[in-house]
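Here are my notes for your first read of this model. Please keep the structure open beside them and check each point as you go.

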Amino acid sequence: MQSLVTLCVLIISLMVPGQLLAGDAAAGKVKTAICATCHGKAGISTSKMTPNLAGQKEGYLQKALKNFRGGVRKDATMNTMAKRLSDDDIANIAAYYSSLNAN
Ligand code: HEC
């Protein structure tokens, strides 16, 4: 019984990080030229209505972009932006912005 519990804990702990598709920040950076016009060159926006992306959690960025792409989260600009992104692009872009310093 004890070993069964241990096995379950092991399997679950292996599955959890797997939910986040780890991205390649360098590949993500290449895709952010257009994003930088609004979100800033280093992910810090100069507009009052545009969020900073630098230092944001990788999983959150992936979720936000997938929600924009699927139309679950509505914003005319971001819906258009996200439609052009593949799952890999999203993973890489999220890795890139989360790697930047928030300050
Ligand atoms: C024309 C300006 C513009 C461009 C270009 C743009 N964004 Fe955005 N982005 C916005 C605005 C405005 C919001 C806030 C939307 C809202 O209120 O939900 C936003 C929101 C986001 C969010 C959600 C942030 C949060 O805190 O929830 C992410 C992630 C994001 N953008 C990523 C990107 C990426 C990646 C690109 C390039 C592929 C991009 N954006 C291009 C204006 C822009």
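**Notes on the predicted model**

1. Start with the ligand. Helix H3 (33-39), helix H4 (58-70) and helix H5 (76-83) each supply at least two residues of the shell around the ligand. Bear in mind that this is a predicted model.

2. Which helix gives the most to that shell? H3 does, with five residues. In total, 18 residues surround the ligand. The closest are Cys35, Cys38, Pro51, Ala64 and Asp75.

3. Twelve of its residues are nonpolar, five are polar and one is charged.

4. Now turn to H4 and H5. Their axes are 7 Å apart, and the helices pack at an angle of about 100°. Angles of 65 to 115 degrees count as roughly perpendicular, so H4 and H5 are roughly perpendicular to each other. On the H4 side, the contact is made by Leu65, Phe68 and Arg69. On the H5 side, Met78, Asn79, Ala82 and Lys83 take part. By class, this contact has four nonpolar, one polar and two charged residues.

5. Then find the largest nonpolar core. In soluble globular proteins, nonpolar side chains tend to be buried together. Here the largest such core has 13 residues. Leu61, Leu65, Ile90, Ile93, Ala94 and Tyr97 touch the most other members. H4 and H6 are the elements that give two or more residues to this core. H6 gives the most, with seven residues.

6. Leave out residues up to four places away in sequence, and isoleucine 90 touches Gln62, Leu65, Lys66 and Leu85.

7. Finish in the loop between H3 and H4, where alanine 42 is found. Alanine 42 has 13 C-beta neighbours inside 10 Å. Exposed means 12 or fewer, so alanine 42 is partly exposed. Leaving aside its neighbours within four places in sequence, alanine 42 is in contact with Ala54 and Leu100. Asparagine 52 is ten residues from alanine 42 along the chain, and their C-alpha atoms are separated by 9.0 Å.

How values were computed:
Residues numbered from 1 in each chain as written. Predicted model: local features only at pLDDT ≥ 70, side-chain atom pairs only at ≥ 80, totals over all residues. Near = placed C-beta within 6 Å. Helix = DSSP H or I, 4+ residues; strand = E, 2+ residues; numbered from the N terminus. Nonpolar A, V, L, I, M, F, W, Y, C, P; charged D, E, K, R; others polar. Buried ≥ 20, exposed ≤ 12 C-beta atoms within 10 Å, placed from the backbone. Contact = placed C-beta atoms within 7 Å. Core = buried A, V, L, I, M, F, W, Y, C linked by C-beta atoms within 7 Å. Axes fitted to C-alpha atoms, helices over the stretch in contact; angles between N-to-C directions. Parallel < 35°, antiparallel > 145°, perpendicular 65-115°, else oblique.
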